[in-house]
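Hello,

Here is the structure for you to look through. My notes on it follow below.

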Amino acid sequence: MRAEEAVLPLLALLAAIEDDEAAAEELPVVFGMIGQAAISPLSAFLVDRSNPDLVVSTALSGIKEIAARHPECRAGCVSILMRLLEPQAETEPTVNGFAVWALTDLGATEAIEAIRDAFRRDAVDISIAGDVEDVEIELGLRVRRATPAPNYQGLTRDGFPWLDAASSRQHSRASRSAKIGRNDPCPCGSGKKYKKCCLP
């Protein structure tokens, strides 16, 4: 139905059921299907500091889905994600990590200076999208690392450490390079589907 009037009630639902896995998977897709009408409410939701990081990351994924499904909205969506990285936004490093992940997933090379600045300020959780060199490689702006890889900490959806640093980065690189499907077995070896385990 792509009902525009559903956006605000869906955001209220998201805030109320913050750790619901199905909502985290499905709502970004729904927002992506609704398209442009969902951008303004999602943008307001992203900057509301009363919302927990987990629900903000779901709303952020909604912005990414809109950009991916509606090319005419891409520039506006990228701009919203970039604004989260600005110093005056005072966004939590976890949320910034998801913003960098979304920008990287969208191939937003135009955002690289904002991304680099956020990393320089140590304002990005590197366990989500890697460090600045990982992002530059992912965006095709760098061929290989110039410095040793940092000590990464993998996080579950609930924000708890789950793997040692080497395994976590191996898993992350495998996920990106092999293009693991949402319903494929998770490469971390848990036996669960990727979407129910380590998919951001």
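Between which two helices does the loop with aspartate 122 lie? Aspartate 122 is in the loop that joins helix 7 (112–120) and helix 8 (126–129); helices here are DSSP runs of H or I with at least four residues, numbered from the N terminus.

This is a predicted model, in which local features need pLDDT of at least 70 and side-chain atom pairs count only at pLDDT 80 or more, while totals for chains, interfaces and linings use all residues. Residues are numbered from 1 along each chain as its sequence is written, and side-chain values use heavy atoms, without hydrogens and water.

Backbone: most residues other than glycine have a negative phi. Aspartate 122 is not a glycine, yet its phi is positive, about 60°. Aspartate 122 is exposed, at 64% relative accessibility (exposed means over 50% relative accessible area, with a 1.4 Å probe and protein chains only). Glutamate 90 also has a positive phi, of about 50°. The loop that holds glutamate 90 runs between helix 5 (74–84) and helix 6 (93–105), and glutamate 90 is exposed, with a relative accessible area of 52%.

Pocket: a pocket is an open set of points on a 1 Å grid over the protein atoms alone, where a 1.4 Å probe fits, with protein on both sides within 12 Å along at least five of seven lines; lining residues have an atom within 4 Å of a point. The second largest pocket has a volume of about 260 Å³, that is, the space filled by probe spheres set on points joined across faces, edges and corners. It is lined by 16 residues, and Leu46, Val47, Arg49, Leu84 and Thr91 are the closest to its centre.

Regards

Definitions and conventions. Buried < 20%, exposed > 50% of the residue type's maximum accessible area, 1.4 Å probe, protein only.
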